[in-house]
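Subject: A structure for you to look through

Dear colleague,

I am handing over a structure that I would like you to open beside this message.

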Amino acid sequence: MGRRPEDIAQQNPSMGHGQQAVWTKVRELKCFGVEDLWLSVDMERRSIAQYLERLEAGGIIKCTNSDETGQGAFVTNKYELIKDVGLTAPRFTPKGNKVSAGQKKHNMWRSMRMMKIFSTKDLALHSSNDELTVSSKAAATYVGYLLRAEYLRVFKKRGVDQPNNLYRLIKDTGPKYPMVQRSTAQLFDQNLQKVTFIFEVAK
């Protein structure tokens with residue numbers, strides 16, 4: 001089975017779930033195996049193993065023992081955290097290439113919390129760095145979702161050109177960015193651990 005949807009009610013309410021919860025536990029334990037994480041995180045064992053393989057490919061963790069049972073990382077491999085990149089769960093492709101979509105939203109949300117009032121041009125500029133470029137189009141798209149979900153409010157209109165409008169953050173729920181779940185047309189707030197808005201889908 002694959003990763004469970006982030007918003008599904010958990011069998012154990014005290015458990016975290018998804019890759020973010022796995023990463024939080026990895027940072028806490030430092031040395032661990034799949035079973036150690038599975039006991040604390042509501043996620044399938046195989047999905048946990050796959051995420052760890054991607055973290056290893058990305059140079060974030062390393063395997064500290066070689067599996068000689070033929071059962072693979074799913075059962076016996078042990079790992080060590082060698083590069084702590086902070087609160088937000090890093091995401092990589094199976095080949096170890098960084099997945100930037102989540103990082104872009106993380107950067108934009110952080111910039112919104114810092115600036116409070118901003119245009120989409122300002123947001124794109126302040127959310128970009130040497131390793132990651134956030135386009136004005138990407139900023140406008142994310143702002144549009146948060147505006148509909150009432151996390152933002154139009155502070156000042158500057159004609160009909162959206163990039164020149166100013167927006168104010170009015171709903172700051174914490175450091176983790178609100179996730180737009182397009183497959184289910186809803187916004188999942190990682191800080192509140194619940195769906196906070198359902199978007200109307202055009203028929």
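Let me begin with Leu 169, which is part of strand S8 (residues 166-169); helices (H or I, at least four residues) and strands (E, at least two) are DSSP runs, numbered from the N terminus. Leu 169 is buried, its relative accessible area being 10%, where buried means under 20%, exposed over 50% and partly exposed in between, with a 1.4 Å probe and protein chains only. Between the C-alpha atoms of Leu 169 and Trp 109 there are 9.6 Å, although 60 residues separate the two along the chain.

Before going on, please note that this is a predicted model, in which local features need pLDDT of at least 70 and side-chain atom pairs count only at pLDDT 80 or more, while totals for chains, interfaces and linings use all residues. Residues are numbered from 1 along each chain as its sequence is written, and side-chain values use heavy atoms, with hydrogens and water left out.

Next come the aromatic rings. A pair of such rings is described by the distance of the centres and the angle of the planes. Rings of Phe, Tyr and Trp (its six-membered ring) pair if their centres lie within 6.5 Å, and planes under 30 degrees apart count as stacked, over 60 as edge-to-face and the rest as tilted. By this rule there are four aromatic pairs. One of them joins Tyr 145 and Phe 199, whose centres are 5.1 Å apart and whose planes stand at 70°, so the pair is edge-to-face. Because Tyr 145 lies in helix H6 (residues 136-148) and Phe 199 in the segment after strand S11 (194-198), the pair ties together parts that are 54 residues apart in sequence. Tyr 145 is buried at 19% relative accessible area, and Phe 199 is buried at 7%. Phe 199 also forms an edge-to-face pair with Phe 197, at 5.0 Å centre to centre and 65° between the planes. Phe 197 is partly exposed, at 24%, and Tyr 145, Phe 197 and Phe 199 form one aromatic cluster.

Two charges also sit over rings, a term that requires NZ of Lys or CZ of Arg to be within 6 Å of the ring centre and within 35 degrees of the ring normal. Arg 45 lies over the face of Trp 38, 3.5 Å from the ring centre, and the charged end of Lys 105 is placed over the ring of Tyr 142, 5.9 Å from its centre.

What about the backbone? Most residues other than glycine have a negative phi. Lys 30, which is not a glycine, has a positive phi of about 70°; Lys 30 is found in the loop between helix H1 (18-29) and strand S2 (31-33), and is partly exposed at 41%. Lys 116 likewise has a positive phi of about 70° without being a glycine, and belongs to the loop between helix H4 (101-115) and strand S6 (117-118), where Lys 116 is partly exposed at 40%.

Finally, how many disulfides are there, if a disulfide is a pair of cysteine sulfur atoms within 2.5 Å? The count comes to zero. As for individual cysteines, Cys 31 is exposed at 51% relative accessibility, whereas Cys 63 is partly exposed at 28%.

Conventions: A disulfide is a pair of cysteine sulfur atoms within 2.5 Å.
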